[in-house]
Amino acid sequence: MRRLLIFLALPMLGAISTDFREVDASKLPSVAGPATTRMVDPARGMGFTGIDAMVRTQARHTGSIQPAVALPEGSLRVHDKVTDVAGWKAYQVVVPNGGSIHMRLRGLHEGWFAVRAVNKWGSLEKGMLQNVIKTGNPEARYTNPTKDAKTIYFVVDTTELSIIGEEYTLQVTVS
């Protein structure tokens, strides 16, 4: 009986996974990122010393997150990697009125990442407050409570120093 259920469920699992368009983040258009004034570095703490920590701190005092890219519409799998010492990247999305978007990071070292949703000022607002309660996974969600489309940012940040080249995939689910 168990084998029959698994056999019947496999086609459904395949259908779910093919709904996501594959995207290479290096080919996405650059945009201005959100402000950095309210963002805390998740790598700060014990052992946050040395040249990497100093460069990371300076990179985070530039006024806005760079690099930042605009994501196309729809559910996606975005393939990317950490490109510099700053350790973060912003993904701009436009969420239609009443729409919802969920971003979940997948990778070899998921515990080395944090994902948060912010507005253009780098702050939380209505529709993002559920992200204050941590799930233990690198993920964030936004539900647009307004009558207009909203532009928000998902920020992928690293909790470790010097992980340049670490690859990850963002699964973006739009509903």
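## Strands 5 and 9

Leu105 finds its bridge partner in strand 9, and that partner is Leu170. The two strands involved here, strand 5 and strand 9, run antiparallel and are joined by 7 bridges. Please keep in mind as you look around that this is a predicted model.

Strands of a sheet pair through backbone hydrogen bonds, either parallel or antiparallel. In this structure, 5 strands make up an open sheet with mixed pairing, and their order is 1-3-9-5-7. Strand 1 (21-24) and strand 7 are the edge strands; each has a single partner strand, so one side of each has no neighbour in the sheet. On average, neighbouring strands of this sheet are turned by 20° against each other, with direction ignored.

## The largest pocket

Now for the empty spaces. Rolling a probe the size of a water molecule over the atoms shows where empty space is left. The largest pocket holds about 520 Å³ of space. It is lined by 26 residues, and those closest to its centre are Val115, Arg116, Asn131, Lys134 and Glu139. Two or more lining residues come from each of strand 6 (113-118) and strand 7 (139-143).

Which element gives the most to this lining? Strand 6 does, with 6 residues. Sorted by class, the lining of the largest pocket has 13 nonpolar, 8 polar and 5 charged residues.

## The second largest pocket

The second largest pocket has about 180 Å³ of space. Its lining is made of 14 residues, and Glu73, Gly74, Val94, Pro96 and Val174 are the closest to the centre. Strand 4 (88-95), strand 5 (100-107) and strand 9 (167-174) are the elements that each give two or more residues to this lining.

Strand 4 contributes the most to the lining of the second largest pocket, with 3 residues. By class, this lining divides into 11 nonpolar, 2 polar and 1 charged residue.

## Rings and a charge

Aromatic rings are worth a last look. A pair of aromatic rings is described by the distance of the centres and the angle of the planes. The structure holds 1 aromatic pair.

Where does the charged end of Arg60 sit? You will find this charged end over the ring of Trp88, 4.0 Å from the centre of that ring.

Terms used:
Residues numbered from 1 in each chain as written. Predicted model: local features only at pLDDT ≥ 70, side-chain atom pairs only at ≥ 80, totals over all residues. Heavy atoms only, no water. 1 Å grid on protein atoms, 1.4 Å probe; cavity = no way out; pocket = protein on both sides within 12 Å on 5 of 7 lines; lining within 4 Å. Points joined across faces, edges and corners; volume = space filled by probe spheres on them. Helix = DSSP H or I, 4+ residues; strand = E, 2+ residues; numbered from the N terminus. Nonpolar A, V, L, I, M, F, W, Y, C, P; charged D, E, K, R; others polar. Pairing = 2+ DSSP bridges. Axes fitted to C-alpha atoms, helices over the stretch in contact; angles between N-to-C directions. Phe/Tyr/Trp six-rings, centres within 6.5 Å; stacked < 30°, edge-to-face > 60°. Lys NZ or Arg CZ within 6 Å of the ring centre and 35° of its normal.
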